[in-house]
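Open the model in your viewer and keep the selection tool at hand.

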Amino acid sequence: MFVIAAGIVLLNVAIYLVMSSIYKRFHIPVLLPALTATFAVVVLLLYFEIPYDTYMIGGQWINKLLGPAVVSLAYPLYKQRHVLRHNLPAILGGTIIGLLVGMFSGILLALAFGFSKLYVLSILPKSITTPVAIQISSNLGGESSLTSVFVMIAGFTGAIGGPYIMRLFRIKSSVGIGIGLGTASHALGTAKALEYGEESVSMSSVAMTVCAIVGSCVGPFVAWIMYSLIG
Amino acid sequence: MRILRIIAQVLFLYLFSLLGEYLQQLLHLPIPGSIVGLLLLFVLLLCKIVPVKWIEDGSTAVLAYLPLFFIPATAGIVNHMDIFSGRGLLLIGILIVSSVLTMVVAAHFSHWLALLSKKSKREKGNES
């Protein structure tokens, strides 16, 4: 068992290192390691018909590092504490409005296209970091495994599309870039914000944190408002 | 030596996420344990109870490899491959449109608020 787990972990790390060296050389957003490495893993699983549960014997060890990875965001937060204090209204205002727009637009579009309540509720927390989104979704009556896939799609929208969106909508300030990426695309967006410099990263990680806290509080209200309006 | 320091510091960060999970269960908080741990560590750093030196190398190392930690969770998509066919594709479109909207609104609104507070600070400065 241990050998299998260690093998899977090593394989993951190897795939990741190869993909990130490719990304470093070409630097095209579509080659983002989180995407290409995941794609390679998915292809391997499907081709060799390995069940996800078997893969997770090793995968869960990497998954366990998500906790300390979230905690380590305290470091850029602390280093940028002065910037944060001076921009508090911008951070709170931008994040909360963005979060509400994201929740309502997601639900309304899903309803407009006739998706069932299960899908609508699973979409609601899509811009919130996976561990929180799963909790919100299952509390509301959504399907947590669907939610985690939706969270990833929201994340990749920012991580891959981010630079194009910033150019198209003329978002230039590091405050705007950071808050936008963190609010819409949680940790994947924050990983992208690393490329825009320290100020954007701290903005993004604060936005992600505020999103998680506020999102878990307002999520039930947003769902309740939608269904009392529609019936 | 540096590698040992990084491992020790990552274990220290892991301790905070465990502590956060414990507090979350104890106090029935709606926010997840890792975020409780983040807030806790941030406060301790601000109060100078935990010196930055204790987490600096570990945090930098973890953040440098951040995308690696998402791979197993994202690979869970193998159980939902039907999303990539038929009406499922519509769902992906909805998610992208809604995420772009979220990003643009959050970015522009926060930028506007930042300008606004800068202006009001300057006006206050002129009055006094």
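Select Lys79(A) first: at a relative accessible area of 37% it is partly exposed, since that value falls between the 20% limit for buried and the 50% limit for exposed. Keep in mind throughout the tour that this is a predicted model.

Step back along chain A to Tyr196(A), which sits in the loop between helix 11 (174-193) and helix 12. Tyr196(A) counts as partly exposed because its relative accessibility is 33%. Draw a C-alpha to C-alpha distance from Tyr196(A) to Ile177(A): the two are 19 residues apart in sequence and 8.2 Å apart in space.

Next, pick Lys192(A) and Glu195(A), another salt-bridged pair, whose closest N and O atoms are 3.0 Å apart. Glu195(A), for its part, is partly exposed at 40%.

Move over to chain B and select Arg2(B) with Asp57(B). They form a salt bridge in which the closest N and O atoms are 3.4 Å apart. Arg2(B) is in helix 1 (residues 2-27) of chain B and Asp57(B) in helix 3 (residues 56-64) of chain B, so the contact ties together parts that are 55 residues apart in sequence. Arg2(B) is partly exposed, at 49% relative accessible area, while Asp57(B) is buried, at 18%. How many salt bridges does a search of the whole structure find? Over all chains, the search finds four.

Stay in chain B and colour three stretches taken from a record. An unreviewed UniProt entry lists residues 30-50, 62-78 and 90-114 of chain B under "transmembrane region". For residues 62-78, the end C-alpha atoms lie 26 Å apart, and the span is 41% helix and 0% strand. For residues 90-114, the end C-alpha atoms lie 36 Å apart, with 100% helix and 0% strand.

Follow chain B onward to Lys121(B), placed in helix 5 (residues 88-127). Lys121(B) is partly exposed, with a relative accessibility of 47%. Select Lys118(B), Lys119(B), Arg122(B) and Lys124(B) along with Lys121(B), and you have a positive surface patch on screen.

For the last stop, return to chain A and show Leu11(A), Phe39(A), Val43(A), Leu44(A), Tyr47(A), Phe48(A) and Ile50(A) as a surface. Together these residues make a nonpolar surface patch of about 730 Å². Which helix gives the largest share of the nonpolar patch? Helix 2 (residues 33-47) of chain A does, with four residues. Leu44(A) is placed in helix 2 of chain A, and Leu44(A) is partly exposed with a relative accessible area of 31%. That value matters for the selection, because patch residues need over 30% relative accessible area.

Methods: Residues numbered from 1 in each chain as written. Chains lettered and ligands numbered in written order. Predicted model: local features only at pLDDT ≥ 70, side-chain atom pairs only at ≥ 80, totals over all residues. Heavy atoms only, no water. Patch = residues over 30% accessible without salt bridge, like charges linked within 9 Å, V, L, I, M, F, W, Y side chains within 5 Å. Areas by Shrake-Rupley, 256 points an atom, 1.4 Å probe, with all protein chains shown as cover. Salt bridge = Lys/Arg side-chain N within 4 Å of Asp/Glu carboxyl O. Lys, Arg positive; Asp, Glu negative; His and termini not counted. Charge placed at Lys NZ, Arg CZ, Asp CG, Glu CD. Helix = DSSP H or I, 4+ residues; strand = E, 2+ residues; numbered from the N terminus. Buried < 20%, exposed > 50% of the residue type's maximum accessible area, 1.4 Å probe, protein only. UniProt positions renumbered as here; feature names shortened; annotations may be inferred.
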